[in-house]
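Subject: Structure handover

Hello,

Please find the structure below. My notes on it come after.

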Amino acid sequence: MSETTQVVVVGGGYAGVTAANRLTKRDDVAVTLVNPRPQFVERIRLHQRVAGTHSAVVDYASVLADGVRLEVATAERIDAAGRRLVLADGGTLGYDYLVYAAGSTGATPTVPGAAEHAFPLTSLEEADRLVPALAAAGPAARVTVVGAGPSGIETASELAEQGHAVTMVCGDLLGPYLHPNGRRAVTAALARLGVAIVAGPGATVTAVTADAVQLADGRDLPSDVTVWTAGFRAAGLAARSGLSTDDAGRLRTDETLTSVDDDRIVAAGDAGTPSGLAYRMSCQAAGQLGAAAGDTVLARLAGREPRPATVGFVGQCLSLGRGDGLFQFAGRGDVPVRAFLGGRRGSRAGAWLKELICRSTVLQLTWEARRPGLIRYPAFIGDPRRPAALRDRQQETVHDTVQDTMQETTAPDVVPAASA
Ligand SMILES: Cc1cc2nc3c(=O)[nH]c(=O)nc-3n(C[C@H](O)[C@H](O)[C@H](O)COP(=O)(O)OP(=O)(O)OC[C@H]3O[C@@H](n4cnc5c(N)ncnc54)[C@H](O)[C@@H]3O)c2cc1C
């Protein structure tokens, strides 16, 4: 290893920027952040970019520590054996440690016609493709939002507030994360904005055409512009680099966020799955995981054992247009509780809190850039049920391994006998 440790961070979102800033704690670490765009994207405001109420971008200069070098490029492959990152333009970057924080994207819909006719909304580029489509369709356009998670709810609200005729197709349930109390309040807020909600058995999209959305129960909903917000998966870089990933493409790591394949690779944010028990994809988890990923690398450099990451949740905060919002509180284990802030009487407070949270996510990056190590997450905020879940998971893995071994050892006897 050279005297200066080279750390490459792939992905400049909430997790990657936090990790990169944290790593500048040491003067003998050279940090390079690789990201396809020269500006930081506030993904949690992409629906606002579509509606024209916020640009959803921030200059990297204000959120990155001076010591971090930004390389505007797309990573094509991680060559773990050669400890280098291969870029799409053919260049390479050698590393001693790599932080994998490439985030998530929309899951490619398998529904016929969706890839051709629906507009996904998970990246800046996708938001910028949707804007002219909405403008071309005109103010009276019928807009269908498919998906009823936070991005679907926030997008439907924002577009309805702009005067569009919006229908939300939810599948079984609107806001599956929400407690029934919170769900009732969100349903009422959407109704106030004029959003038509289609939910329940049969409310699953089976086909999308240029001017309609077909549902499993045979209904045909006219739709001039269809926005697809259902399903997220991790960026594909880890899988195409031959690293171990789960079904959603997240890099498999241990509790210190270290890749199960290579202790020089550490994952953070939506892109990783610690112990196969992934945290909810969210900027709430991404910031905490980014700090933990940075700490893991710093611990190894200091010759210490890295600590398990601690991630705590407080709930989910939804914007419901500019004048309304709802905070669904949750226990530390990310299970929603009865309490929420919002509803008809608390709508202003909910909107104010959501705006505060959006601003504070960026502010936290700025603070960490100025004082790396400032933002700490004490162990007591973590999910109290996680240790038990990890033990169950370990037992399942041992059980599966024993089953596989038994099958392998009995198979040679069975096959010749059966074929004889
Ligand atoms: C419309 C919308 C609303 C949302 N609202 C909320 C919300 O209210 N609350 C909440 O907690 N979460 C919300 N989310 C989810 C949240 O945005 C993500 O969970 C969060 O951004 C994850 O952070 P991250 O740093 O892991 O990844 P990202 O923010 O996705 O950043 C990853 C970065 O890596 C880059 N990248 C990807 N591949 C490569 C590559 N090959 N080479 C180089 N760079 C690469 C990407 O371009 C991106 O800049 C919302 C998401 C959307 C789309």
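Predicted model: local features only at pLDDT ≥ 70, side-chain atom pairs only at ≥ 80, totals over all residues.

Residues are numbered from 1 along each chain as its sequence is written.

Helix pair

Helix α1 (residues 14-23) packs with helix α9 (residues 283-301) at an angle of about 30 degrees, and their axes are 7 Å apart. Helices here are DSSP runs of H or I with at least four residues, and strands are runs of E with at least two, numbered from the N terminus. Axes are lines fitted to C-alpha atoms, for helices over the stretch in contact, and angles run from 0 to 180 degrees between N-to-C directions. The angle makes α1 roughly parallel to α9, a term used for angles under 35 degrees.

On the α1 side the contact includes Y14, R22 and L23, and on the α9 side it includes C283, D295 and L298; two residues are in contact if their C-beta atoms, placed from the backbone, lie within 7 Å.

Loop residues

Most residues other than glycine have a negative phi. R83, not a glycine, has a positive phi of about 45 degrees, and R83 lies in the loop between β6 (75-79) and β7 (84-87). S275 also has a positive phi, near 55 degrees, and is found in the loop between β22 (272-274) and α9.

Regards

Conventions:
Parallel < 35°, antiparallel > 145°, perpendicular 65-115°, else oblique.
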